[in-house]
Amino acid sequence: MTLLITSVLIITIVGLICGLTLYFVSKKFEYKESERVMQILSILPGVNCGGCGYTGCEAFAKALDNSVEADFPHLKCPVAGNKVMMQIADILGYEFAEKEKEIAVIKCNGTIENTIRNNVYNGLKSCALANQTFIGSGACPFGCLGLGDCLRVCNFGAITIDEKKGIPVFNPEKCSACGACIKACPRHLIELRPKNNDMLFVACMNHEKGAVAKKHCKVACIGCGKCTKIDEKIILADNLAYIPNNADFAKNSKELIDCCPSKSIVNLEIMKNEK
Amino acid sequence: MKNKTFKKGGVHFKAHKFTKDMPVKELLLPEYVYISLKQHFGAPAEPVVNKGDKVKVGTLIAKAASGLSANIHSSVSGTVEKIDKQIGVSGYPEDMIIIKVEGDDWEENINTSSKIEFLIKDNREQILRKIFESGIVGMGGAGFPTHIKYNFPEGKRCEFFIANGVECETHLTCDNRLMIERFHEILIGIQICKKALGVAQAFIGIEANKPEAISIMEKYAREYEGIQVVPLMQKYPQGGEKQLIEAITGRQVPSGGLPIDVGCVVSNVGTIFAVYEAVQKNKPLIDRIITFSGDNKNILGNFKARIGTKISHIINNLSQETQGVGKIIAGGMMTGKALNSFDVPITKTMSGVLLVDEKNAFREQDSNCIRCASCVDVCPMGLQPYLLTLLAKKGNFEEMKNENVMDCIECGSCTYACPAKIPLLDACRLGKIKIREKK
C-alpha cells in the first residue's frame with residue numbers, strides 16, 4: 001500500500017513541477033500575433049488552398065497586414081468572395097471595389113460522344129505523365145486527357161469525372177475559383193471566367209487546321225471566323241477563336257451560340273446539359 | 001571463367017530472340033517516305049528543302065539547329081511533296097518532310113560499292129566533321145547526337161571506347177545480325193572511333209546469349225590492334241551505358257555524371273556501323289536495321305529499311321494480316337514506346353517493332369504494396385522505387401529529388417519485378433517530369 005501512495009505522490013509532484021515550469025516559461029516568452037492578423041484570420045475561410053498565391057490563410061493574413069492600400073486590389077481571396085474582402089478592407093481601413101465572382105471552366109468538350117476514341121492509356125492515372133507520350137483517347141493533341149489531375153488538386157470537391165462524358169465536370173456551386181486546377185492541367189485547358197449565365201467561351205483549344213480538327217472531334221473550333229464578324233472583340237489566332245472577358249455577352253449571346261457551325265461556343269448552361 | 005556483369009540489381013528474363021538466325025533482308029522502296037525532323041535528342045532540325053524540290057538519296061534535307069541537334073538526309077530520290085504534320089513516334093503530330101519516291105538515284109560522292117574499305121585516311125578533325133555532316137545519332141534508342149558525344153569538353157580524358165553489342169532487350173536482334181554479317185565494317189568503325197577519340201583500348205561488350213556473334217567478333221578482332229571482345233552474363237539492363245561501363249571496367253559513373261567523367265565513351269554497334277559508312281563511304285545515315293517480332297509469328301524478321309518508311313509498308317510487303325494486334329511497340333518490350341497506329345514512319349532510333357496480341361496488351365490490375373522490396377533488389381541504380389511511388393502519390397516531388405529520382409534510367413526493372421503490378425516506373429517518370437518543370 002505504501003508503494004502505491006509513494007508512486008502516486010512522486011508522479012503528482014513531478015507533474016506539478018513540469019506544469020508550473022511550462023506555465024512560467026510560456027508567460028515569459030509569449031509571442032503575440034498582432035491583433036489585426038488574428039482578426040483577419042478569423043474571417044478568412046481557413047481551407048489553406050493557396051488560391052491567393054500564399055502558402056495558406058495565415059500567410060495571406062500577414063501579407064494583408066503588411067500591405068499598402070495600392071496593393072490591395074491585387075490581394076484577393078478567391079474563395080471568400082466580396083463580402084469577406086469588404087470586411088477585411090474595413091479592418092485595414094482601405095477602400096474596396098467590388099469584383100465579379102469567377103468560376104473555372106474547361107475549354108474542351110471532347111466527350112465520348114463527340115470524339116472517336118481509339119487509343120487506350122493503361123499506365124498510372126496522371127495527366128502530367130500521360131501528356132508526355134499519349135495523345136489522348138481520341139486523336140486531338142490539344143484536348144482533355146480525362147485522367148483527373150484537376151480533380152485531385154481540388155480542395156472543394158467541385159470537379160468530378162462523368163463516366164458517360166469522359167471529361168471533368170465543374171460544379172458551379174462548389175467551385176471557388178482558387179485556380180489550383182489551372183496549374184495542374186498540363187494542356188492548359190482550364191480558365192477562370194466571370195460567373196454569370198450570359199458569359200460565353202469557346203470550349204476548344206485545338207490549333208489544328210479546320211479539316212483536321214473536325215476529323216478528331218465533332219465540336220472542335222475550325223477557325224472559320226464567323227463569330228468575329230458578330231463581335232469584333234473576339235480574337236481569331238492560329239485557327240482558334242478566343243472570346244475575351246470584355247466582350248459584350250448580354251447583347252450577342254444567342255446570336256453567337258447560333259452562328260458557330262461546330263457548336264463550340266457555349267455558356268455554362270450548355271456545358272451543364274451536354275451529354 | 002565466369003562472365004562479367006554489373007553488380008547492383010538487374011533482372012533475368014526469357015530473351016525471346018525469335019529472329020536471331022534470320023539474315024537481314026532489303027525491302028522494296030515505298031511510294032512515299034515521311035522523314036521526321038526530330039529523330040534525335042535535342043532541338044528539331046531545320047528543313048532546307050521546299051515543296052517541289054528534287055532530291056537524291058543522301059541529299060541534305062534538314063540542317064542541324066544550333067546546340068543539340070543533327071542533320072537529316074533524304075533516304076530516297078524523288079520530289080518533295082510537302083512539309084506537313086503527321087503522327088510520329090512521340091504519339092503527337094510532328095513536322096515531317098514527305099517525299100514521293102521516283103527511282104533510286106544516289107548522290108555522286110557516295111561510294112555505293114560493297115567493297116570493304118580497310119584503310120582509314122582521315123584525321124581526327126575530318127572524322128568528326130564527317131560524323132556531324134552525316135547526321136549520325138546514337139542508334140540504341142536515345143538518339144544522342146554522336147558528334148557532340150565524341151567532342152567531349154577540354155580537360156576530360158577518354159581512356160576506353162566501348163562498343164555496345166549487348167542488346168539486353170527482349171526480342172530485338174538487329175545488333176546481333178549486324179555483328180554477324182558486317183563484322184569487318186564494325187571493327188573498322190571501332191578503329192575510326194578510337195582515332196576520333198584518341199584512345200588506345202576498345203572493348204566490345206556482347207551478352208552470352210549471342211555465341212555466334214561472340215565467336216565471329218573474337219576471331220576477327222585479333223586482326224585489329226587494341227580491340228577486346230568481352231562476353232557478358234545475360235542480365236537486363238546491361239545495355240544501359242552506365243551498367244555496361246561498370247560491367248566491363250568496374251568503374252561507376254557518379255550520380256548526375258556522364259560516362260566521360262570516368263574516362264569512357266559508349267556507342268552502339270549500329271552507330272559504329274553508321275560511322276564506318278559515313279567516314280569510309282561518305283554515306284549519311286539514311287537506313288537502319290530493324291527487327292520485327294512479337295506474338296504474331298508470321299511477322300518476324302530483320303529488315304534493312306530506309307528512314308521514313310511507314311511500318312504499314314513493311315507489313316504490307318510481307319503481305320500479312322494484322323488482325324488481333326492489340327499493341328504496337330517501337331523498341332524493345334521493356335523500354336519501347338507504344339504507337340498509335342501502323343502508319344508511323346521509321347526513325348533513326350527505332351530498333352524494333354513488336355506486335356503484341358490483344359490478350360497480352362493490357363497491364364494487370366495493380367494491388368497494394370506488400371513491402372517485399374523486390375523493386376529495391378532489382379533497381380540497377382540503387383534507388384527505392386516503392387518509396388518514390390509513395391512520394392509521387394503524395395505529390396512530394398521535392399523529397400523525390402532528394403531520393404535521387406533523377407538518376408533513374410527508366411529501364412522498367414522495378415515494374416517488371418513487382419508482384420503487386422504497381423506502375424512503379426510511371427511514378428518515377430512523373431517525378432522526373434515535375435522536377436524538370438520546376439527548374
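**View 1. The second largest pocket holds about 970 Å³ of space.** The model is predicted: local features need pLDDT of at least 70, side-chain atom pairs count only at pLDDT 80 or more, and totals for chains, interfaces and linings use all residues. Residues are numbered from 1 along each chain as its sequence is written, chains are lettered from A and ligands numbered from 1 in the order in which they are written, and side-chain values use heavy atoms, without hydrogens or water. A pocket is an open set of points on a 1 Å grid over the protein atoms alone, with protein on both sides within 12 Å along at least five of seven lines; lining residues have an atom within 4 Å of a point. Grid points are joined across faces, edges and corners, and a volume is the space filled by probe spheres set on the points. The lining of this second largest pocket counts 32 residues. Nearest its centre lie A:V153, A:A184, B:G395, B:F397 and B:K434. At least two lining residues each come from α5 (127–133), α6 (149–153) and α7 (180–184) of chain A, and from α10, α11 (397–402) and α13 of chain B. Helices here are DSSP runs (H or I, at least four residues), strands likewise (E, at least two), numbered from the N terminus. α13(B) gives the largest share of this lining, four residues. By class, the lining of the second largest pocket has twelve nonpolar, ten polar and ten charged residues. Ala, Val, Leu, Ile, Met, Phe, Trp, Tyr, Cys and Pro count as nonpolar, Asp, Glu, Lys and Arg as charged, and the others, Gly among them, as polar.

**View 2. Helices α10(B) and α13(B) cross at roughly 60 degrees.** α10(B) spans residues 385–394 and α13(B) residues 424–438; their axes come within 8 Å. Axes are lines fitted to C-alpha atoms, for helices over the stretch in contact, and angles run from 0 to 180 degrees between N-to-C directions. Angles under 35 degrees count as roughly parallel, over 145 as roughly antiparallel, 65 to 115 as roughly perpendicular and the rest as oblique. The crossing of α10(B) and α13(B) is left-handed. Left-handed applies if the near helix is turned anticlockwise from the far one by less than a right angle, right-handed if clockwise. On α10(B), the contact residues are B:P385, B:Y386, B:L388, B:T389 and B:A392; on α13(B), they are B:L424, B:A427 and B:C428. Contact means heavy atoms within 4.5 Å. This contact has seven nonpolar residues, one polar and no charged.

**View 3. Helix α2(A) packs against α3(A) at an angle of about 130 degrees.** α2(A) covers residues 35–43, α3(A) residues 57–66, and the axes are 9 Å apart. The two helices are therefore oblique to each other. Their crossing is right-handed. From α2(A), A:R36, A:V37, A:I40 and A:L41 meet A:C57, A:E58, A:A61, A:K62, A:L64 and A:D65 of α3(A). Six of these contact residues are nonpolar, none polar and four charged.

**View 4. Helix α2(A) also crosses α4(A), at roughly 170 degrees.** α4(A) runs over residues 82–92, and the two axes come within 10 Å. That angle makes α2(A) roughly antiparallel to α4(A). A:R36, A:Q39, A:I40 and A:I43 of α2(A) touch A:V84, A:Q87, A:I88, A:I91 and A:L92 of α4(A). The contact divides into six nonpolar, two polar and one charged.

View 5. A cavity is a set of grid points where a 1.4 Å probe fits but cannot get out. The structure holds ten cavities of 30 Å³ or more. The lining of the largest one has 24 residues, with A:C108, A:G110, A:C140, A:G143 and A:C144 nearest its centre. These lining residues split into 13 nonpolar, eight polar and three charged.

**View 6. The second largest cavity has a volume of about 130 Å³.** Its lining has 13 residues; closest to the centre are B:M139, B:L178, B:F273, B:R288 and B:I289. α3 (174–181), α7 (269–281) and β13 (287–294) of chain B each supply at least two. α7(B) gives the most, four residues. Seven lining residues of this second largest cavity are nonpolar, one polar and five charged.

**View 7. A cis peptide bond joins B:Y236 and B:P237.** Omega is about 0 degrees. B:P237 sits in the loop between β11 (227–232) and α6 (241–249) of chain B.

**View 8. A:N239 has a positive phi of about 65 degrees.** A:N239 is not a glycine. Its place is the loop between β6 (235–237) and β7 (240–242) of chain A. Most residues other than glycine have a negative phi.
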